[in-house]
Amino acid sequence: MSKKPLLEFNQFGIYCQQGDFYIDPWKPVNYAVITHAHSDHARWGNKHYLAHHLSKEILKYRLGDISLETIAYNQSIIRNGVKISLHPAGHIIGSAQVRVEYEGEVWVVSGDYKLEDDGISTPFEPVKCHSFISECTFGMPVYTWKPQQEIFMGINDWWHENHQQGKTSVLVGYSLGKAQRILQNLNLDIGKVYTHGVIQNTHDALIKNGISLKETYKITASTTKEEIKGNLVLCPPSAVGTPWMKKLNPYSFGYCSGWMAIRGAKRRRAADRGFVLSDHADWHGLIQAIEATSCESVYLTHGYTASFSRYLREIGYDAHEANTLYGDESLEEEKGGEA
Ligand SMILES: [Zn+2]
Ligand SMILES: [Zn+2]
């Protein structure tokens, strides 16, 4: 009889039978270890949650009054002999890879990750393992990111130009992660930063969790157009094309997403400017991360799983596609739900 793998994929999520817990389950379970607070990974309805300290307030804001235990990076807990620990994933504030160890066998679930240090998330740390369950959202060579400083320079230049023309800069990025990353890199000598309510609520939850962010002003019913003019407005993908956004006229509309490398959805095509900025690893980042684990087996959960697993097999990995319900936060938000 062959040994049962330490982690397996079933209809609820990524399951560890020995420790009786799930990682980022997509259906309600008894015990859920959460890699990060994005809506496709942290879902409603689980009985108990385990996550990183820095995910605490944002999970409570998004999921309500849940039973939640939080731990630090590199801290571990034991469930029925299985050691569970969290390690920085560099994706957003509080994002973690989950390391699972039992009788000398080690698996790591990456969650979403990126290798570039964004200055607000604890930087990605490779974790050695036998089996690595990885995302591959941008697992195609066409997705090769430029250094972030170049992108931020482009954003600030664009804002400055709009400011001089008396236009408001409306910048779209998903509310948890991207919005804060952009904010921290904006040049506030140009003007003020206003926020859509969803983004301000997300900022507030993070601030409550001890994160410090640059100053922003929430747009309310009493905010006038004159007040906003020439300044920058951060808003989520779901605001694109809404009457709320139209009221900001005259404006220039910029969109920040890894998907801007190809432009696809209507909401993104409508943008005056695209900024290719992603919180996921690019093609090279994925390969570098996988190599750094020294793993033998790789399971790919979301993204270009078919072509990427084929490539990994060509270079000698035992690579598999896994069927999961993970998606991409920015695409979720494009569909309209706050998430
Ligand atoms: Zn994510
Ligand atoms: Zn994801």
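The model is predicted, so local features need pLDDT of at least 70 and side-chain atom pairs count only at pLDDT 80 or more, while totals for chains, interfaces and linings use all residues. Residues are numbered from 1 along each chain as its sequence is written, and chains are lettered from A and ligands numbered from 1 in the order in which they are written. Helices (H or I, at least four residues) and strands (E, at least two) are DSSP runs, numbered from the N terminus.

- Helix 1 covers residues 56-63, and its buried residues are Lys56, Glu57, Ile58, Leu59 and Arg62. A residue is buried if 20 or more other C-beta atoms lie within 10 Å of its own, exposed if 12 or fewer, and partly exposed in between, with C-beta atoms placed from the backbone.
- The cover over these buried residues includes strand 5 (48-52), strand 6 (68-71) and helix 4 (197-208).
- Just after helix 1 comes glycine 64, with a positive phi of about 85 degrees.

**How helix 1 meets helix 4**

- The two helices pack at an angle of about 140 degrees, and their axes are 7 Å apart. Axes here are lines fitted to C-alpha atoms, for helices over the stretch in contact, and angles run from 0 to 180 degrees between N-to-C directions.
- Helix 1 and helix 4 are therefore oblique to each other (under 35 degrees counts as roughly parallel, over 145 as roughly antiparallel, 65 to 115 as roughly perpendicular and the rest as oblique).
- On the helix 1 side, Glu57, Ile58 and Tyr61 meet Asn201, Thr202, Ala205, Leu206 and Lys208 of helix 4. Contact means that the C-beta atoms of two residues, placed from the backbone, lie within 7 Å.
- By class, this contact has four nonpolar, two polar and two charged residues. Ala, Val, Leu, Ile, Met, Phe, Trp, Tyr, Cys and Pro count as nonpolar, Asp, Glu, Lys and Arg as charged, and the others, Gly among them, as polar.

- Seven strands make an open sheet with mixed pairing, in the order 7-8-9-10-11-18-19. Two strands pair if DSSP finds at least two bridges between them.
- Strand 7 (76-79) and strand 19 (318-321) are at the edges, each with a single partner strand, so one side of each has no neighbour in the sheet.
- Strand 8 (residues 82-88) and strand 9 (residues 96-102) pair in the antiparallel sense over six bridges, and leucine 86 has valine 98 in strand 9 as its bridge partner.

**Strand 16 and its partners**

- Strand 16 is mostly covered, with five of its six residues buried.
- Strand 12 (residues 168-172) runs parallel to strand 16 and is joined to it by five bridges; here valine 170 stands opposite phenylalanine 253.
- Strand 17 (residues 273-275) also runs parallel to strand 16, with three bridges between them, and arginine 273 is the bridge partner of glycine 254.

**Backbone spots to look at**

- The peptide bond from asparagine 249 to proline 250 is cis, with omega near 0 degrees. Proline 250 sits in the loop between helix 6 (243-246) and strand 16 (251-256).
- Glutamate 103 is not a glycine, yet its phi is positive, near 45 degrees. This residue lies in the loop between strand 9 and strand 10 (105-109) and counts as exposed, with 8 C-beta neighbours inside 10 Å.
- Serine 294, also not a glycine, has a positive phi of about 55 degrees. Its place is the loop between helix 8 (283-292) and strand 18 (297-303), where serine 294 is exposed, with 12 other C-beta atoms within 10 Å.
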